[in-house]
Amino acid sequence: MEMTLRWYGAAHDTVTLQQIRQIPGVTGVITTLYDTAPGEVWSRERIRAMKEEVESAGLHVSGIESVNVHESIKTGAQERETYIQHYCKTLEHLGREDIHLVCYNFMPVFDWTRTELARMRPDGSTVLAYTQEAVDRLDPDRMFASIADDMNGTVMPGWEPERMERVRELFAMYRGIDDEALFANLKYFLERIMPVCDAYDINMAIHPDDPAWSVFGLPRIIINKENILRMIRMVDNPHNGVTFCSGSYGTNLKNDLPDMIRALKGRIHFAHVRNLKFNSPTDFEEAAHVSNDGNFDMYEIMKALYEIGFHGPIRPDHGRMIWGEKAMPGYGLYDRALGAVYLNGLWEAIEKNDKRSAG
Ligand code: DNO
């Protein structure tokens, strides 16, 4: 296991590489070329420049989150051939630059969805939160406007203004696409990219849909154990793997997180670990990482990852906004640093216990 932090690049992140370097136990970053559009080919020069910047700060690039999938691939439109070729080129360039992990998602229109970006908790911290009732009341194309004010001047992944301007058009593209069609389009995509992943040893790690159910009537498939196992088996290649995100699968309280981790042994290439606090099954907020602040048993989650021999990068996920920090909601420095150190502490204890009991 390697502890990492997500970093959006110097031009987009309020957190610096120098700060990340000072978080004890963090050795790598998960990053991206944040200003590229889905479908664009990433050049080797830009990838190399990104790597050099990270390495000159004493860290390394542990993986990419995300290389976004063009909407035509998700909808199975004719132009998908061109965009799949572009995707393959980007994978090849990453591989040639010695980057071997790519996180992506297959969520229609919206990436992850929250209804509040700054819900106040009793200790004065603010957190991202979700209420189904609020979504049910909201017109999808007003969704962006309703939360844009809370972004602290940042651009949030999945909530780029260019994407939001096209919401109506994007919704129209999904007319007639149900879960089965989305599965078929995902299979098609994976089958096409696997030869490149094999050639350059790229681990693809699909991010779950967040929340793990359909929003605004759009199909969503990466939501539970049954579907994720189906996804893995339908293209049975070790490079076809997953990002295990506790905070996303965990939005559905029926998902037994440690059990899912065990079922995915060998196919978890990347992990996002965070806690959620539920006020009702359809109202949750992103608590601090520690178990007693939310509903998940973080020890059991880390133990399951340890037991399956997980050796990929892990990162703390969305943090609370604390100590007066102004940053991209969920992606400030302080609370994610606390999360990284806590998760490392759990891991150390689990590992030592295991080694001692083994003899
Ligand atoms: C939100 C993230 C997601 C994730 C993408 C992966 O903070 O967890 O935006 O990066 O879905 O493609």
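His-318 counts as buried because its relative accessibility is 4%; buried means under 20% relative accessible area, exposed over 50% and partly exposed in between, with a 1.4 Å probe and protein chains only. This is a predicted model, in which local features need pLDDT of at least 70, side-chain atom pairs count only at pLDDT 80 or more, and totals for chains, interfaces and linings use all residues. Residues are numbered from 1 along each chain as its sequence is written, and side-chain values use heavy atoms, with hydrogens and water left out.

**His-318**
- His-318 sits in the loop between β12 (313-316) and α14 (334-358). Helices (H or I, at least four residues) and strands (E, at least two) are DSSP runs, numbered from the N terminus.
- Its side chain makes polar contacts with the side chains of Glu-286 (2.7 Å) and Tyr-331 (3.3 Å).
- A polar contact is a pair of N or O atoms within 3.5 Å; within protein, one must be able to donate a hydrogen and the other to accept it, and residues adjacent in sequence count only if both atoms are side-chain atoms.
- Beyond its neighbours within four places in sequence, His-318 is in contact with residues including Trp-112, Arg-274, His-289 and Arg-336. Contact means heavy atoms within 4.5 Å.

**Ligand site**
- The residues around the ligand include His-318, Tyr-331, Trp-112, Cys-103 and His-207. The cut-off is a heavy atom within 4 Å.
- Polar side-chain atoms lie 2.7 Å from a ligand oxygen atom for Ser-66, 2.9 Å for Asn-105 and 2.8 Å for Asp-111.
- The protein covers 99% of the 330 Å² of accessible area that the ligand has on its own. Accessible areas come from the Shrake-Rupley method with a 1.4 Å probe; for residues, only the protein chains shown count as cover.

**Sheet**
- An open sheet of 4 strands runs β5-β6-β11-β10, with antiparallel pairing. Two strands pair if DSSP finds at least two bridges between them.
- β5 (116-120) and β10 (277-280) are the edge strands; each has a single partner, so one side of each lacks a neighbour in the sheet.
- β5 and β6 (residues 126-131) run antiparallel, joined by 3 bridges. Arg-119 has Val-127 as its bridge partner in β6.

**Helix α10**
- In α10 (residues 225-234), the buried residues are Asn-227, Ile-228, Leu-229, Met-231, Ile-232 and Met-234.
- Their cover includes β4 (101-105), α9 (179-200), β7 (203-207), β8 (240-245), α11 (246-249) and α12 (257-263).
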